[in-house]
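Open the model in your viewer and keep the selection tool at hand. The tour below goes from one selection to the next.

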Amino acid sequence: MTADVQDVPSPQDLSRAALRRTWGPGAVLCLVGTAGTAAELLLPAVLGRTLDLLLAGDAAAAWIGRSAALVLLLALLDAAASVLAGTVDARATAGLRHELTAHVLALGPRALTRFGTGDLVARLVGNAAQAGTGPAALAALLAAFAGPVGGVVALGVVDPWLAAVFLAGAPVLALLLRAFTRDTSACVADYQREQGRIASALAEAVDGRRTIAAAGLQDRETARVLRPLPGLGRAGQRMWRVQGRAAAQAVTVGPLLQLAVVAAAASLLLRHRISVGEVLAASRYAVLATGVGVLVGRLAALGRARASARRLAEVTACPAPPHGTCRLPPGPGRLDLRGVAAHRGGRTVLDGVDLTVPGGSVLAVVGRSGTGKSLLAGLAGRLTDPDAGEVLLDGVPLPALAHAELRRAVTYAFARPALLGTTVGDTIALGLTAPSPAEVASAVRRARADVYLRRLPDGCATRLSDAPLSGGEAQRLGLARAFAHPGRLLILDDALSSLDTVTEHHITESLLAPGHGPTRLIVAHRAATAARADSVAWLDGGRVRAVGRHAELWRDPEYRAVFAAPVTEGVAR
């Protein structure tokens, strides 16, 4: 039974999830910001009353003290808001990164098919951090709106005519803010897209640095990596132009409204409807009511957060493969591929593949470069799914298996294994189950990695950063990790390619020794490896051309030509 596919999170879903994670400190931040705005609204009235008392020659010490207390309270609330904003940003960013990382790992190799490594890193690091500022920006925006609204209300309290004068020009401010929010989101999205292109190209260049250095292509690659830079510059200039235009318009409209309010207050003063202190308060409330500069900054921050959330949602929009809840019945590890077809890059790589690997046997998969050997290996252990057909392990379709059940049953070793963990021992023991020290030692010997470990200062306890590794030594550690986690199916995808001939011979002898063991599927490039397998699957033109013993297939000159051809890395090898 296959589990239902989960709904794909939208940018709004990601933003709401970030708000839920930070609702506690976010609510406190909103309250602190609102309290700060309230204190800021109260201060002009207190200062105005103090001024009136001083001009009248009355006792004003208490009101001076109240003014000083409000100034101190504003400073404390501002400091508290800064600490809370940092806390909310950190929690929201951590949650977004956790969700995005989990989704990328659930996608597996599919993630790199849609996004480059550098682009994914840019989204995970930069865009997640920017999107994580959304909850704090929203809380600050609510408090920032309280300033203009409270300023208008306070003007009405001083005299309704002052509020009416201000509200006559308020629609212009509203239109400016609306246009700014729309234009900012579009500009930020363009800017972040160009950043992702540069990051992706840089990651490719770093990964191929040896080839680039050997070919003397440093200048050409530098130009390729930086090719999107003009577009990045144009997007950045557009972004700053939008913000500069909004600020300039605000600087023009805001002071005109303030001037109108002050002029109206002066007229009321001359008619003895308000006092000098109230004129002072009205001038300050006019500044608060026209606080477009603060709103522009808050809206810009929220626009950047929304644009970043959209880039994160582009990743989460790629649905992760669903997993079922079934467990494997007792069985030897029989693998069946029935009518399997797979398309990559607009072409059919595998088409109508029917293949059965008896439990406990060894199957070598051979073929020229580009015939889909690595793709077939990925399909066999569900690192990717076929576009048609099905893959079964001991009679159970792989999508029906629970995720942990599948990963415990299938073990992989790759040409370039990822060595994760703090120490060498950690990378060998990495898996859903923790092997015993005896099992680790046995796996190390089978992979012929024991001689290498004896050269390390602390053996398996040596930190990976202190353990120099050649390509062959890295492959031996990857093989040791696979041997330490025996399942029903062991898949070696070109996992012996960097070994010297003697080491490969010893490992192959151990790997292909007769007797009880997992089913083994080996992507092979050498005739000696294929000769020791129980059977060989010969891929040609996206199909299984023949299955049989190596000695039988060797009679075909085209089969012999597979091993005579140079081995190169293809897209779907």
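Select helix α18 (residues 471-484): it lies across β6 and β7, running at about 175 degrees to β6. Axes here are lines fitted to C-alpha atoms, for helices over the stretch in contact, with angles from 0 to 180 degrees between N-to-C directions; contact means heavy atoms within 4.5 Å. Helices (H or I, at least four residues) and strands (E, at least two) are DSSP runs, numbered from the N terminus.

This is a predicted model, in which local features need pLDDT of at least 70 and side-chain atom pairs count only at pLDDT 80 or more, while totals for chains, interfaces and linings use all residues. Residues are numbered from 1 along each chain as its sequence is written, and side-chain values use heavy atoms, leaving out hydrogens and water.

Next, select the open sheet of 6 strands, in the order β6-β7-β8-β3-β9-β10, with mixed pairing. Two strands pair if DSSP finds at least two bridges between them. β6 (410-414) and β10 (543-548) are at the edges with a single partner strand each, so one side of each has no neighbour in the sheet. From one strand to the next, the twist averages 20 degrees.

Now select β8 (residues 519-523). How many of its residues are buried (under 20% relative accessible area, 1.4 Å probe, protein chains only)? The count is 5 of 5. Thr519, Leu521 and Val523 point one way, and Arg520 and Ile522 the other.

Ile491 has Leu521 as its bridge partner in β8.

Note on methods: Buried means under 20% relative accessible area, exposed over 50%, partly exposed in between (1.4 Å probe, protein chains only).
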